[in-house]
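Subject: Structure handover, salt bridges

Hello,

Please find the structure below. My notes on its charged side-chain pairs follow.

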Amino acid sequence: MHFRTGTTDDAELIAALHTESWQTAYAGIMPATYLNGPLQEVRRAIWTTRLSSSTLESVGENSVLLVVAVEGIALQGFVYLFLQPDGRVLLENLHVLPTRKRSGIGRQLMRHAFTWAAAHHSGKAIYLEVLRDNAPAIGFYERSGGQATREFVEGFPAGFELPVVEYTWSPDAVQALAYTGVTPDLLAP
């Protein structure tokens, strides 16, 4: 398994993995018409925009991180996070191929993310938002030291609403989870 910084060239593979992850994890939680509809195209548009050179230039150095896990040439997972205006770091996406869950890839991706945040945004908390009914993800985040800090209902553009839980890692927790097994090249700007 190789971990590296994601690039514009990864957009299509990330969109496909993101779609497959949602279709698997959210089956029975989100409407099937949404999961089996234009989700792939929506994910492709999101990742193409996020990874465009103009977007990456506009967000500023060390404000965003994308790490991909690759085995051979096959994408196995990815993590994407960025600095928020309120000073916290949002872990926006953490996805692993459904067939590779519980293999340690997610844990390694989180370590890369926390190491980057500790190096570039010392003293900042990391948070994420997860659907309340996504019990496997919630279990993973709680085992990783995340603390439930807020609950709310999120409206989705496709016209449905779902309950969400915010999990937060304090700056001390970020430091504690950082650096283990991370290569220095991923810390470079």
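Arg 88 is partly exposed, at 23% relative accessibility (buried means under 20% relative accessible area, exposed over 50%, and partly exposed in between, with a 1.4 Å probe and protein chains only). This is a predicted model, in which local features need pLDDT of at least 70 and side-chain atom pairs count only at pLDDT 80 or more, while totals for chains, interfaces and linings use all residues. Residues are numbered from 1 along each chain as its sequence is written, and side-chain values use heavy atoms, leaving out hydrogens and water.

The side chain of Arg 88 meets that of Asp 86 in a salt bridge, at 3.0 Å from N to O. The term stands for a side-chain nitrogen of Lys or Arg within 4 Å of a carboxyl oxygen of Asp or Glu. By this rule there are eight salt bridges.

Another one pairs Glu 129 with Arg 150, where the closest N and O atoms are 3.7 Å apart. Glu 129 belongs to strand β5 (residues 126-131) and Arg 150 to strand β6 (residues 147-155), so the pair ties together parts that are 21 residues apart in sequence. Strands here are DSSP runs of E, at least two residues, numbered from the N terminus. Both partners are partly exposed: Glu 129 has a relative accessible area of 38% and Arg 150 one of 41%. Through shared partners, salt bridges join Asp 86, Arg 88, Glu 129, Arg 150 and Glu 166 into one network.

Arg 4 also forms a salt bridge, with Asp 10, at 2.8 Å between the closest N and O atoms. Arg 4 is partly exposed at 28% relative accessibility, whereas Asp 10 is buried at 7%.

Regards

Note on methods
Helices (H or I, at least four residues) and strands (E, at least two) are DSSP runs, numbered from the N terminus.
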